[in-house]
Amino acid sequence: MNSFSGLIEELKIMFGKIRLTEQEIQILELKFKYYARLSDKHKSEFREKLRIILTTKSFIGRAGMRVVTPEMKLLIGATIVMVTFGWKDLRLPHFNKILIYPDTYYSTISKQYHRGEVNPLHGIIVMSWSCFLQGFESENDGINLGIHEVAHALKLENHIHYNGESEFFTPDVYRSFQRLSFEEIEKINAGSLTVFRANAGLNGDEFFAIALETFFEKPHEFFDYNSELYGTLVRLMRQDPRVWIR
């Protein structure tokens, strides 16, 4: 990030929203279970990081989504905070635009309908709001669009060097994760029963995103299935969801 754009971002933070409203905090307590399970100290840290995310990212409606409500911004922003909560200052600055479609949308590039995607060239995370909400309907099925797309952005951000946030994955831990993930991809493609859904076998990027969905939504099942891989993700992500989910 150059000095000018860095200054602009810091000014946004300084003069942006000072704190979350009581109504917004109540939404987090009622609708974002990860936050509700945190200690008071960690809740305070979560809210501060969320304040920065909401202040520095643009949330833009598409295809008939005329109004992006505060609750939409709050829940998507909270998902970014959850995935990156192991790092105090990490906020994925390259991805400064969040595009929100009301439902699945057609891509003129891939010629397919999408639920979400990440565009590193333009620094955009795209999500279908209806599909995002489906991720909250069951917190233990390992399917969560928000986590999935933020995971893709996180993995890409680790390799983007201009903004001061690259290479935050501990290299030896990341190498261990990659080695173990290749073994899992082979199992999936061989038809073996695993804790991951079939799409995780497509490639390393998809495996990482689906592994994080499983990590946050089915941590105990993940640990029982492959404690070595789970432990590697704990070290990589600097948090253990088993602490929050009993």
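This is a predicted model: local features need pLDDT of at least 70, side-chain atom pairs count only at pLDDT 80 or more; totals for chains, interfaces and linings use all residues.
Two rings of Phe, Tyr or Trp (its six-membered ring) count as a pair here if their centres lie within 6.5 Å.

**Aromatic pairs**
- F32 and F46 make a tilted pair, with 6.1 Å from centre to centre and 50° between the planes.
- F32 sits in the loop between α2 (22–31) and α3 (33–36), while F46 belongs to helix α4 (residues 40–56), so their pairing ties together parts 14 residues apart in sequence.
- F32 and F46 are both buried.
- For Y34 and F85, the ring centres are 6.2 Å apart and the planes stand at 85°, so this pair is edge-to-face.
- Y34 comes from helix α3 and F85 from the loop between α5 (70–83) and β2, so here the linked parts are 51 residues apart in sequence.
- Y34 is buried, and F85 is too.

**A charge over a ring**
- R242 puts its charged end over the ring of F223, 4.1 Å from the ring centre.

**Strand β6 and its neighbours**
- β6 covers residues 124–128, and five of its five residues are buried.
- That goes for both faces: I124, V126 and S128 point to one side, I125 and M127 to the other.
- On the parallel side of things, β2 (residues 97–101) joins β6 through five bridges, with L99 opposite V126.
- β5 (residues 116–119) pairs with β6 in the antiparallel sense over four bridges, and N119 stands opposite I124.
- β5 and β6 form a hairpin with four residues between them, and G123 in the turn has a positive phi of about 65°.

Terms used
Residues are numbered from 1 along each chain as its sequence is written. Side-chain values use heavy atoms; hydrogens and water are left out. Buried means under 20% relative accessible area, exposed over 50%, partly exposed in between (1.4 Å probe, protein chains only). Helices (H or I, at least four residues) and strands (E, at least two) are DSSP runs, numbered from the N terminus. Two strands pair if DSSP finds at least two bridges between them. Rings of Phe, Tyr and Trp (its six-membered ring) pair if their centres lie within 6.5 Å; planes under 30 degrees apart count as stacked, over 60 as edge-to-face and the rest as tilted. A charge sits over a ring if NZ of Lys or CZ of Arg is within 6 Å of the ring centre and within 35 degrees of the ring normal.
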